[in-house]
Amino acid sequence: MKEFKVKVIVRGSCKGEPVVINRKISFFGEVDPEKGVVTSDGVCITDKPLVIAGTRGSTVGSYVIYALKEYGRAPSCIIAGEAEPILIIGCIIANIPLFVVEDYREFIDYLGKHKKPYIEVDDGKEVIRVYEEGILHSNRGA
């Protein structure tokens with residue numbers, strides 16, 4: 001297990017196997033809010049921690065993030081390398097936990113070394129715990 005320091009932008013807890021898209025995405029045009037899918041990558045983000053480098057594009061992106069929540073297709077949290085206002089506003093209005101990793105490069109490198117990493121963030125804590133593949137999730141915490 002390894003811990004990474006984060007800045008909490010929108011509070012909340014989060015856990016699960018992350019979906020990692022190591023680049024900036026545009027929620028408007030690349031994400032289908034009705035299906036909870038990043039169409040450019042063909043991956044479902046519903047109820048999973050979404051790891052992205054950041055966001056780019058239209059201010060409509062905030063509303064797409066909100067629509068993900070309204071359709072019940074939102075990620076359980078968003079963990080980013082950087083957070084610009086469109087992402088922050090979208091997460092605030094949708095009440096999706098948002099964290100910015102202090103050392104994004106090291107975080108991504110660590111995730112990439114493990115086949116199925118598992119992430120946990122407790123509400124109010126400024127740390128992401130990343131567990132390696134093969135550790136039983138039910139034996140964690142406490």
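Modeller: Let us begin with a definition: rings of Phe, Tyr and Trp (its six-membered ring) pair if their centres lie within 6.5 Å, with planes under 30 degrees apart counted as stacked, over 60 as edge-to-face and the rest as tilted. This is a predicted model, where local features need pLDDT of at least 70, side-chain atom pairs count only at pLDDT 80 or more, and totals for chains, interfaces and linings use all residues. Residues are numbered from 1 along each chain as its sequence is written, and side-chain values use heavy atoms, leaving out hydrogens and water.

Biologist: How many aromatic pairs does this rule give?

Modeller: A pair of aromatic rings is described by the distance of the centres and the angle of the planes. With the rule on ring centres applied, the count is three aromatic pairs.

Biologist: Of what kind is the aromatic pair that F4 and F107 form?

Modeller: The ring centres of F4 and F107 are 5.2 Å apart. Their planes stand at 75° to each other, which makes the pair edge-to-face.

Biologist: Which parts of the chain does that pair link?

Modeller: Helices (H or I, at least four residues) and strands (E, at least two) are DSSP runs, numbered from the N terminus. F4 and F107 are 103 residues apart, so to say distant parts of the chain, and the pair links strand β1 to helix α4 (residues 104–112).

Biologist: And how are the rings of Y118 and Y131 arranged?

Modeller: Their centres are 6.5 Å apart. The planes of Y118 and Y131 meet at 55°, so this pair is tilted.

Biologist: Which cysteines form a disulfide?

Modeller: A disulfide is a pair of cysteine sulfur atoms within 2.5 Å, and the count by this rule is one. With sulfur atoms 2.1 Å apart, the pair is C14 and C77.

Biologist: Is that disulfide left-handed or right-handed?

Modeller: The answer comes from the torsion about the S-S bond of C14 and C77, which is about -60°. The disulfide is therefore left-handed.

Biologist: How many residues apart in sequence are the parts that the pair ties together?

Modeller: C14 belongs to strand β2 (residues 14–16). C77 belongs to strand β8 (residues 77–80), so the parts tied together are 63 residues apart in sequence.

Biologist: Is C91 buried or exposed?

Modeller: Buried means under 20% relative accessible area, exposed over 50%, and partly exposed in between (1.4 Å probe, protein chains only). C91 has a relative accessible area of 0%, so C91 is buried.

Biologist: Where on helix α3 do its buried residues lie?

Modeller: In α3 (residues 85–94), the buried residues are I86, L87, G90, C91 and A94. Seen down the axis, they fall within an arc of 125° (the arc of the directions from the helix axis to the C-beta atoms), so they line one face of the helix.
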